[in-house]
Amino acid sequence: MIESTEPLNHTAKHHTPSHRHSTGQLYWVTRGIIMIESEHMQWAVTPGAIGWIPAEIPHSAWVPVDARGEILYCNPAGTLLLPLLPCIRTASPFLQLLLQRVSERAQAGVHSPHLMHLEQVLVDELELATPALSQLSLPADTRAKQVAQLVLAGSGDVLSQPDLAKQAGLSVRTLSRLFMQQTGLTFSQWKQKARVLRSLEYLQRGTPVSQAALLVGYENVSAFIMVFRRFMGMTPGQFQSVVRC
């Protein structure tokens, strides 16, 4: 299944425009953050998570802070049991060790029965792994997606929902309906989670939680911590401990 491996080593602000690969990609980071976007989803890949991009799926990436990790390129013929769409999964300590072992064996060019067994265990573990919380659905409607991109860029912090809807040529009611139908979140919930994902860049740099909250539009730090815990399953301080280890 594994054709080759490649170190993932990007400096802050690196951007890769939309592209596709003839192979599937399993990727994970040991330090830093990588933001991956496909047509309908955006992910923040942090330590403790593993991403999957099937072959021929267009995607782009940008790196808010220095990132280190690994990429495994997978033969499409050997990935039939992996998801058909891009996704991000929580990687247990065992899965992380398994990824490292598979990578080491593949780098050594040892395509043995042992490696094949490890790859099968890897597929089984990925199937059992739970979806990571750091993912955000993007609306399919082009007008609503325009609003989503403004929010992700930070413009939504100074513009009200009526202003954002007007810029996209939508009524507030239509904008709300599109977000609920196409992302599963109300516009308010979606905007909250987008802010949380944006805050990861600052938290990764070591920015104090209170300052990170202000930078993504929260004047009340307690409210930011509550929303962060709801969407990420941990506090901002706990996140900082995880990504620094």
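This is a predicted model: local features need pLDDT of at least 70, side-chain atom pairs count only at pLDDT 80 or more; totals for chains, interfaces and linings use all residues.

User: Which residue forms a salt bridge with K13?

Analyst: The general idea is that side chains of opposite charge can pair when their charged atoms come close. Here the partner of K13 is E201, and the closest N and O atoms of the two are 2.9 Å apart. K13 sits in the loop between β1 (2-10) and β2 (15-19), whereas E201 belongs to helix α6 (residues 187-204), so the bridge ties together parts that lie 188 residues apart in sequence.

User: Is E201 buried or exposed?

Analyst: E201 is buried, since its relative accessible area is 10% and the limit for buried is under 20%. E201 also forms a salt bridge with R205, with the closest N and O atoms 2.6 Å apart, and R205, at 46% relative accessibility, is partly exposed.

User: How many salt bridges does the structure hold, and what separates R101 and E104 in helix α1?

Analyst: The structure holds four salt bridges. One of them pairs R101 with E104, whose closest N and O atoms are 3.9 Å apart. These two residues are three apart in helix α1 (residues 93-107), which means that about one helical turn separates them. R101 is partly exposed, with a relative accessible area of 43%, and E104 is likewise partly exposed, at 40%.

User: Turning to the nonpolar side, which residues of the largest nonpolar core touch the most other members?

Analyst: A core of this kind is read by asking which buried nonpolar residues are joined through their side chains. The largest one has 38 residues, and those touching the most other members are V147, L175, F179, W190, L200 and F228. Among the elements that give two or more residues to this core are α3 (142-153), α5 (172-183) and α8 (221-232), while α6 gives the most, with seven residues.

User: Which residues is F179 in contact with, leaving aside neighbours within four places in sequence?

Analyst: With those neighbours left aside, F179 is in contact with P139, A144, V147, A148, G184, L185, F187 and W190.

Note on methods
Residues are numbered from 1 along each chain as its sequence is written. Side-chain values use heavy atoms; hydrogens and water are left out. A salt bridge is a side-chain nitrogen of Lys or Arg within 4 Å of a carboxyl oxygen of Asp or Glu. Helices (H or I, at least four residues) and strands (E, at least two) are DSSP runs, numbered from the N terminus. Buried means under 20% relative accessible area, exposed over 50%, partly exposed in between (1.4 Å probe, protein chains only). A nonpolar core is a set of buried Ala, Val, Leu, Ile, Met, Phe, Trp, Tyr and Cys residues joined through side-chain atoms within 4.5 Å. Contact means heavy atoms within 4.5 Å.
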